[in-house]
Amino acid sequence: MPNDVGHEIADALGTLLRRSTRERIYRRLTEGLGEAVDEVTYPVLSGLARTGPRSAAGLADEIGLDRSGVTRRATRLEQAGLLRREPDPADRRATLLALTEAGRAAIETTRQRLATHIEDSLASWPPGEAQTFARQLRRFVDHGPFTA
């Protein structure tokens with residue numbers, strides 16, 4: 001059947017994108033990083049690390065939350081010294097959210113943990129297969145059905 005591969009990939013992506021899967025991964029990545037960094041606030045930190053300074057509304061669009069949810073999470077992170085609010089140079093009435101050095105350090109820790117977790121889970125694969133998978137996944141992400 002011509003759609004077998006498409007269905008198999010769609011099912012695997014569905015598992016990866018499930019909210020419960022993301023929360024479990026975020027919980028593992030943020031363990032021990034302080035009360036403000038958890039599975040709830042991680043998407044805000046991670047989103048800012050990817051995009052750079054953004055308004056709450058702009059970040060909300062990027063990470064799939066509403067603006068008020070981003071604002072609540074940002075307040076927790078700001079109180080912990082992980083992000084700051086700064087004037088938007090393009091519109092002085094607006095405010096941008098930006099990572100602090102401590103916020104960047106927290107993200108670097110989570111990214112290192114994620115890379116280690118992925119590498120550990122691929123350790124039993126035959127030599128070269130994990131590298132091939134990484135290249136093919138990058139190709140799929142860059143040129144697959146989700147590109148803009």
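Leaving aside neighbours within four places in sequence, Thr21 is in contact with Thr15 and Leu16, where contact means heavy atoms within 4.5 Å. Thr21 lies in helix 2. With a relative accessibility of 5%, Thr21 counts as buried; buried means under 20% relative accessible area, exposed over 50%, and partly exposed in between, with a 1.4 Å probe and protein chains only.

A word on the source. This is a predicted model, in which local features need pLDDT of at least 70 and side-chain atom pairs count only at pLDDT 80 or more, while totals for chains, interfaces and linings use all residues. Residues are numbered from 1 along each chain as its sequence is written, and side-chain values use heavy atoms, with hydrogens and water left out.

Now the chain as a whole. Its secondary structure comes to seven helices and two strands, in the order α-α-α-α-α-β-β-α-α along the sequence. Helices (H or I, at least four residues) and strands (E, at least two) are DSSP runs, numbered from the N terminus. The C-alpha trace spans about 55 × 35 × 25 Å along its principal axes. Of the 148 residues of the chain, 27% count as buried. Among contacts between residues at least 6 apart in sequence, 45% join residues at least 24 apart.

Helix 1 and helix 2 pack with their axes 5 Å apart, at an angle of about 50°. Axes are lines fitted to C-alpha atoms, for helices over the stretch in contact, and angles run from 0 to 180 degrees between N-to-C directions. That makes helix 1 oblique to helix 2: angles under 35 degrees count as roughly parallel, over 145 as roughly antiparallel, 65 to 115 as roughly perpendicular, and the rest as oblique. Thr15, Leu16 and Leu17 of helix 1 meet Arg19, Thr21 and Arg22 of helix 2 in this contact.

Next, another pair. The axes of helix 4 (residues 56-63) and helix 5 (residues 67-79) come within 8 Å and cross at roughly 105°. Helix 4 and helix 5 are therefore roughly perpendicular to each other. On the helix 4 side the contact is made by Ala56, Ala57, Leu59, Ala60 and Ile63, and on the helix 5 side by Arg67, Val70 and Thr71.

Ile63 also turns up with Pro43. Not counting residues up to four places away in sequence, Pro43 touches Tyr26 and Ile63. Pro43 is in helix 3 and is buried, with a relative accessible area of 17%.

Last, the largest pocket. About 2200 Å³ of space lies in it. Of the 45 residues that line this pocket, the closest to its centre are Leu16, Leu17, Arg22, Ile25 and Leu114. A pocket, on a 1 Å grid over the protein atoms alone, is an open set of points where a 1.4 Å probe fits, with protein on both sides within 12 Å along at least five of seven lines; lining residues have an atom within 4 Å of a point. Which helix gives the largest share of the lining? Helix 2 does, with nine residues.

Terms used: Points joined across faces, edges and corners; volume = space filled by probe spheres on them.
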